[in-house]
Amino acid sequence: MRAHEAGALHGNDAAPTWLPYPSDVNTLIDGLWSRTTRRGADGAVEVGGVDVRRIAEEVGTPAFVLDEDDFRHRARRFRDAFAEAFRPHAGSDVYYAGKAFLCGAVARWVEEDGLGLDVCTGGELAVALRAGFPPARIALHGNNKSDAEVRRALEAGVGRLVVDSLDEIDQVDRIAADLGLRAAVMLRVTTGVEAHTHEFIATAHEDQKFGLSLTGGAAFEAVRRVLEAPHLDLVGLHSHIGSQIFDTGGFEVAARRVLDLVAQVRDELGHTIAHLDLGGGFGVMYNTQHTPATPEALASGIAGIVEKQCHELELEVPHVAFEPGRAIAGPSTQTLYTVGTVKDVRLGGPHHRVYVSVDGGMSDNVRTALYDADYSCLLSGRVSSEPPEVVRVVGKHCESGDIVVKDEYLPADTRRGDLLSVPVTGAYCYSLASNYNHVPRPPVIAVKGGEIRTLIRRETEDDLLGLDVG
Ligand SMILES: *Cc1c(COP(=O)(O)O)cnc(C)c1O
């Protein structure tokens with residue numbers, strides 16, 4: 001991760017080496033688009049049986065367009081893949097990590113499709129409870145839960161609280177005592193594995209805010225304290241190593257370290273830890289550089305790792321949980337924008353860069369600025385026979401770092417009024433959206449079987465002005 005001052009992103013007009021010159025600039029690249037996305041009879045893109053031009057007309061732009069079949073298909077595929085891989089043992093659960101994107105309809109789909117739900121604040125918990133999500137299948141995370149959040153979770157009967165610090169052991173025990181109940185908790189441990197994209201670091205020093213460290217004995221001490229706390233039940237151990245991970249290497253090291261603690265607790269405290277939660281972080285394809293493993297390959301790979309480690313430590317294979325967020329929500333959604341200005345900027349010498357401005361930007365997708373993410377895009381309202389040229393897609397905000405897609409080939413006749421779609425914006429885009437520059441947040445619509453259903457309506461100027469009561 002690096003700072004996002006605009007200067008560092010300026011360069012020449014050459015495409016980055018990873019970006020292939022397209023043989024056809026109209027092609028919907030395999031793996032980038034949700035499963036019902038295709039080109040219709042006259043070449044415009046349709047998704048869920050709905051033409052994007054109709055969406056622009058009825059809903060307006062920008063808009064998040066969520067392919068319901070795609071989201072639910074992925075959720076069920078993760079559920080089934082892990083169920084299959086851990087069937088010979090104590091089984092598995094898949095929790096959808098709601099922080100990627102959560103609203104009432106999504107909570108209900110996740111419930112119907114048999115997954116659990118991870119929330120990490122009182123606000124996310126409120127969405128889940130209002131949607132009628134069964135509290136027993138909810139897990140509450142967070143490194144700084146308020147008393148009100150803990151109380152609400154315990155009163156609602158949330159299935160597990162993931163405890164993140166020694167302070168929180170005392171906090172949850174005290175509130176459980178107050179309510180006259182016992183709290184089921186998992187302990188989040190820090191394994192020293194830090195995974196990000198194609199690489200992981202196994203010896204990262206544990207300089208981060210989450211969890212209790214395995215080295216130095218903090219995690220072991222926390223286990224001892226939970227076992228002694230009169231109002232806590234220790235369900236198991238939890239580890240989450242990062243995000244946008246493409247293989248099982250990081251999980252292998254993390255699982256080994258957590259299972260070593262399980263064995264130590266057995267040997268020194270005589271207690272069996274029967275549940276293990278290995279977190280989420282499975283990667284998705286944002287562009288042609290990314291090659292995510294299938295859920296089936298991930299599940300069987302991780303099952304093999306856990307089996308092997310348990311065998312070596314003479315442990316029963318525990319019940320294992322996973323928490324994919326991005327890998328379920330991300331690929332389900334495309335953001336639909338309308339092109340405004342197109343500007344050809346001379347950069348000195350033969351170099352130039354074409355800036356294509358759209359009617360949203362860093363307020364609906366901050367990941368490019370925040371994480372240096374590389375998205376892709378195409379013109380979705382029509383096809384073009386013009387040659388491809390490299391462009392940079394930018395937003396409408398007062399900030400030169402307001403970039404949506406750093407580099408992409410669009411047809412040379414891209415012009416004002418064209419519809420432009422950015423795929424794989426279903427995770428950490430709406431959920432990180434802001435009102436920067438008093439730009440109202442776009443709606444999220446679900447498309448399926450030729451129907452449009454509004455999940456979250458477009459914010460209005462009145463919504464924004466209504467907060468300003470001074
Ligand atoms: C963010 C997070 C997840 C989900 O991560 P993805 O990269 O979206 O899969 C799962 N578990 C925990 C504890 C998290 O913080």
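This is a predicted model: local features need pLDDT of at least 70, side-chain atom pairs count only at pLDDT 80 or more; totals for chains, interfaces and linings use all residues.
How many bridges join β1 to strand β2, and in which sense do the two strands run?

**View 1. An open sheet of 3 strands, in the order β1-β2-β3.** Strand β1 is joined to β2 (residues 45-47) by 2 bridges, and the two strands run antiparallel. Within this pairing, R38 has E46 of β2 as its bridge partner. The pairing in the sheet is antiparallel, and its edges are formed by β1 (38-39) and β3 (50-51), each of which has a single partner strand, so that one side of each is left without a neighbour in the sheet.

**View 2. The cis peptide bond between T61 and P62.** The bond that leads from T61 to P62 is cis, its omega lying near -5°. P62 itself is placed in the loop that runs between α1 (52-58) and β4 (63-67).

**View 3. The packing of helix α2 against helix α3.** Helix α2, which comprises residues 68-86, packs with helix α3, residues 104-112, at an angle of about 40°, and their axes are 10 Å apart. On the α2 side the meeting residues are E68, F71 and R72, while α3 contributes V106, W109, V110 and E112. Sorted by class, this contact has 4 nonpolar and 3 charged residues, with no polar ones.

**View 4. Strand β6 and its pairing with strand β5.** Strand β5 (residues 92-97) pairs with β6 in the parallel sense over 3 bridges, and A97 stands opposite D118 of β6. Along β6 (residues 116-119), G116 and D118 point one way, whereas L117 and V119 point the other way, and all of these residues are buried.

**View 5. Helices α6 and α7, whose axes come within 10 Å.** The axes of α6 (residues 166-179) and α7 (residues 218-228) cross at roughly 10°. The two helices are therefore roughly parallel to each other, given that angles under 35 degrees are counted in this way. Their contact is made by L166, I169 and D170 from α6 together with A222, R225 and V226 from α7. By class, this contact comprises 4 nonpolar and 2 charged residues and no polar residue.

View 6. D407 is 53 residues from V354 in sequence, and the C-alpha atoms of the two are 9.9 Å apart in space.

**View 7. Two residues with positive phi, V424 and Y428.** V424, a residue other than glycine, has a phi near 65°, and Y428, likewise not a glycine, has a phi near 60°. V424 is found in the loop between β22 (419-423) and β23 (444-448), and the loop between β22 and β23 is also where Y428 is found. V424 counts as buried at 1% relative accessibility, and Y428 counts as buried at 13%.

Definitions and conventions. Residues are numbered from 1 along each chain as its sequence is written. Side-chain values use heavy atoms; hydrogens and water are left out. Axes are lines fitted to C-alpha atoms, for helices over the stretch in contact, and angles run from 0 to 180 degrees between N-to-C directions. Helices (H or I, at least four residues) and strands (E, at least two) are DSSP runs, numbered from the N terminus. Contact means heavy atoms within 4.5 Å. Ala, Val, Leu, Ile, Met, Phe, Trp, Tyr, Cys and Pro count as nonpolar, Asp, Glu, Lys and Arg as charged, and the others, Gly among them, as polar. Two strands pair if DSSP finds at least two bridges between them. Buried means under 20% relative accessible area, exposed over 50%, partly exposed in between (1.4 Å probe, protein chains only). Angles under 35 degrees count as roughly parallel, over 145 as roughly antiparallel, 65 to 115 as roughly perpendicular and the rest as oblique.
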